[in-house]
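Keep the viewer open and follow along.

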Amino acid sequence: MAYSLGLTLYNLGGRRDAGPSVERLPRPQGRLVWLHAPSAESARALLELGRRLKEEDGLPFLLTCPDPLPQRKGTLIELPPPDNPQDVRAFLDHWRPDIAILSDGEIRPALVHEAIERKLPLMIVAGRQPSFLRERDGWYPGLMRGLLAEFHAVLTIDEPSARAFRKAGATLSAVEVTGKLEEESAALPCLEAERDALARQLATRPVWLAAALPEAEEQAVIAAHRAALRLAHRLLLIVVPADPARSLPLAERMEKEEGWTVALRAEEQEPDPETEVYVADSDREFGLWYRLAPVTYLGGSLAGDGCIRDPLEPAALGSAILYGPRPGPHGVVFGRLGAARAARAVGSATDLAEALGDLLSPDRAARLAQAAWAVASDGAEVTDRVLTKIRNIMDGEG
């Protein structure tokens, strides 16, 4: 074992990581696919990959991720084991996966070594850059090279990533550029009958949405709507406060200070032709509002603590996105949208008003929304190729 010295040094440095015994979820019968994501962001694609393995091949899957993920019915989600021999053995003894699929390129040496010893097929998908755990980074002679050489397949997002894996020790035949995986759909549901009824009621009126609006940004949205009404007097603002308790005070403020006609969904009022603001108090209806509003401002990103809603939600449903300089936990997604020119960044309340006025032009909003939809739906063909590779390896053909 060419990397034995490096592994020894690594394990000695991690002895303090040995964790207490944990109560694990029951292992399903039959074959099991294990997927590991180093972050919640990369987990999105693995959840879609797992969904397709389950639906198309009948294969249950386990997803591990160090970041908190919402539990999903029928999906096994756990924290990964601390990367030391004792915890790794306990983890693999319990789950006995038939293949291990690691995302991005995070290498956990104790875990990968134990998988190699058990002849467990190893695969990297959506590979970007090979790396050890951030808190365990260091110099371990031959360790990265020796471990990467044992992977059956290293599927990367682009050629520079492929070169990085080859240079780090992956075999030339194992490395393949496949591209970015398809992510789990962010399209939120709605009652189609209700959408149809509201769409008929709004007819050809221009509509924009302020989603999950914190109190600190209310004035900016009010100012933007005031300015936009001068350009489109039939414009309707749908606003969903981040705190439902702000619904009534916000409605009263708009009526008193701006003289606007405001309807409250909580009181079962409808947005009639004279309504200028429609205040909704539930965060369970965003699928409806994104479908009705050609333009969405994502609250929390301008003067709040960071964007509250996932930007792929409006992107998946064809709503053009406006956002401020505070992405919150969605920085990577905003980066992708920005690179594709699929969202409009604003730096101030004045910028928000100007950008909204610009996007009142339907063709401009449509171009932005189309680019955002392309980002949200990208990667389906790549996932097909990755699934084929997984099936071949599990059948002993890869």
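Which residue in β6 is the bridge partner of Ala100? The bridge partner of Ala100 in β6 is Leu122. Before we go further, a word on the ground rules: this is a predicted model, in which local features need pLDDT of at least 70 and side-chain atom pairs count only at pLDDT 80 or more, while totals for chains, interfaces and linings use all residues. Residues are numbered from 1 along each chain as its sequence is written, and side-chain values use heavy atoms, with hydrogens and water left out.

The protein chain has 15 helices and 16 strands; helices (H or I, at least four residues) and strands (E, at least two) are DSSP runs, numbered from the N terminus. Taken along the principal axes, the C-alpha atoms of the protein chain fill a box of roughly 75 × 40 × 40 Å. Of its 398 residues, 54% count as buried. Buried means under 20% relative accessible area, exposed means over 50%, and partly exposed lies in between (1.4 Å probe, protein chains only).

Back to the pair we began with. Two strands are said to pair if DSSP finds at least two bridges between them. β4 also has strand β1 (residues 33-36) as a parallel partner, over 4 bridges, and here Val33 has Ile99 as its bridge partner in β4. On the other hand, β6 pairs in the parallel sense with strand β8 (residues 153-156) over 3 bridges, and Gly127 stands opposite Thr156 in β8.

How many residues of β4 are buried? The count is 5 of the 5, so β4 is largely enclosed by the rest of the structure. In a regular strand the side chains alternate between the two faces of the sheet. You can follow this in β4: Ile99, Ile101 and Ser103 point one way, Ala100 and Leu102 point the other way, and all are buried. Strand β6 (residues 122-127) is likewise largely enclosed by the rest of the structure, because 6 of its 6 residues are buried.

Strand β11 (residues 236-241) has 6 of its 6 residues buried, so it is largely enclosed by the rest of the structure. Leu236, Ile238 and Val240 point one way from β11, Leu237, Val239 and Pro241 point the other way, and all are buried.

Ala212, in strand β10 (residues 207-213), has a phi near 55°, a positive value in a residue other than glycine. Ala212 is buried, with a relative accessible area of 5%. Arg341 also has a positive phi, near 50°, and is found in the loop between α12 (331-339) and β16 (344-345). Is Arg341 buried or exposed? At 72% relative accessibility, Arg341 counts as exposed.

Finally, the surface. Patches are made of residues with over 30% relative accessible area and no salt bridge, where like charges are joined within 9 Å and nonpolar side chains (Val, Leu, Ile, Met, Phe, Trp, Tyr) within 5 Å. A salt bridge is a side-chain nitrogen of Lys or Arg within 4 Å of a carboxyl oxygen of Asp or Glu. Accessible areas come from the Shrake-Rupley method with a 1.4 Å probe, and for residues only the protein chains shown count as cover.

Leu5, Leu9 and Leu12 make a nonpolar surface patch of about 280 Å². Leu5 is found in helix α1 (residues 4-13) and counts as exposed at 52% relative accessibility. A negative surface patch is formed by Glu268, Glu270, Asp272 and Glu274. For charges, Lys and Arg count as positive and Asp and Glu as negative, with His and the chain ends not counted; the place of a charge is taken as NZ of Lys, CZ of Arg, CG of Asp or CD of Glu. Glu274 sits in the loop between β12 (262-264) and β13 (277-279) and is exposed, with a relative accessible area of 53%.
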